[in-house]
Amino acid sequence: QVQLVESGGGLVQAGGSLRLSCAASGSIFSINGMGWYRQAPGKQRELVAAITSGGYTTYGDSVKGRFTISRGNAKNTVDLQMNTLKPEDTAVYYCNANVRIYMSLHTYAYWGQGTQVTVSS
């Protein structure tokens, strides 16, 4: 019913930048918030950044001051600008959206399939 498609991952050297984008589509009545999570091999999935429908942002401690989340120019999109990347930022990055779908009073969490970000030292 709802699809999230991520783009923008890749390989970059330490100190470089990447920009991730996520677009949500489908039976969307409204989106309460969108965010980015990441999961490195052998580690739990962790919050990178999130933004509410009102524009309030939250960041993981390890990315504060380096990453910026923003709503994209198109409806139901979110971007993550990642600067001063470090090898420890290497992970699969997942887009998340809390969506109220049509004909429902409930909000559901949807996830994208993930995009690989690799930072070489």
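**Exercise 1.** Is Y102 buried, partly exposed or exposed?

*Solution.* Begin with the ground rules: this is a predicted model in which local features need pLDDT of at least 70 and side-chain atom pairs count only at pLDDT 80 or more, while totals for chains, interfaces and linings use all residues. Residues are numbered from 1 along each chain as its sequence is written, and side-chain values use heavy atoms, leaving out hydrogens and water.

Next, the scale: buried means under 20% relative accessible area, exposed over 50%, and partly exposed in between (1.4 Å probe, protein chains only). Y102 has a relative accessible area of 47%, so Y102 is partly exposed.

**Exercise 2.** Find the loop that holds Y102, and the surface patch to which Y102 belongs.

*Solution.* Strands are DSSP runs of E with at least two residues, numbered from the N terminus. Y102 sits in the loop between strand 9 and strand 10 (107-111), and M103 is in the loop between strand 9 and strand 10 as well. Together with F29, these residues make a nonpolar surface patch of about 430 Å².

Now look at M103 itself: it is exposed, at 86% relative accessibility, and has a positive phi of about 65° although it is not a glycine.

**Exercise 3.** Which two residues form the disulfide, and what does the pair tie together?

*Solution.* A disulfide is a pair of cysteine sulfur atoms within 2.5 Å. The structure has one: C22 and C95, with sulfur atoms 2.0 Å apart. C22 belongs to strand 3 (residues 18-26) and C95 to strand 9 (residues 91-101), so the link ties together parts 73 residues apart in sequence. Both ends are buried, C22 at 2% relative accessible area and C95 at 0%. The angle about the S-S bond is -85°, making the link left-handed.

**Exercise 4.** Which residues have the most contacts inside the largest nonpolar core?

*Solution.* A nonpolar core joins buried Ala, Val, Leu, Ile, Met, Phe, Trp, Tyr and Cys residues through side-chain atoms within 4.5 Å. The largest one has 31 residues, and W36, L80, M82 and Y93 have the most contacts inside it. Strand 9 gives the largest share, six residues. Finally, pick out L80: its contacts (heavy atoms within 4.5 Å) include W36, F67, I69 and Y93, not counting residues up to four places away in sequence.

Notes. Helices (H or I, at least four residues) and strands (E, at least two) are DSSP runs, numbered from the N terminus. Patches are made of residues with over 30% relative accessible area and no salt bridge: like charges are joined within 9 Å, nonpolar side chains (Val, Leu, Ile, Met, Phe, Trp, Tyr) within 5 Å. Accessible areas come from the Shrake-Rupley method with a 1.4 Å probe; for residues, only the protein chains shown count as cover. A salt bridge is a side-chain nitrogen of Lys or Arg within 4 Å of a carboxyl oxygen of Asp or Glu.
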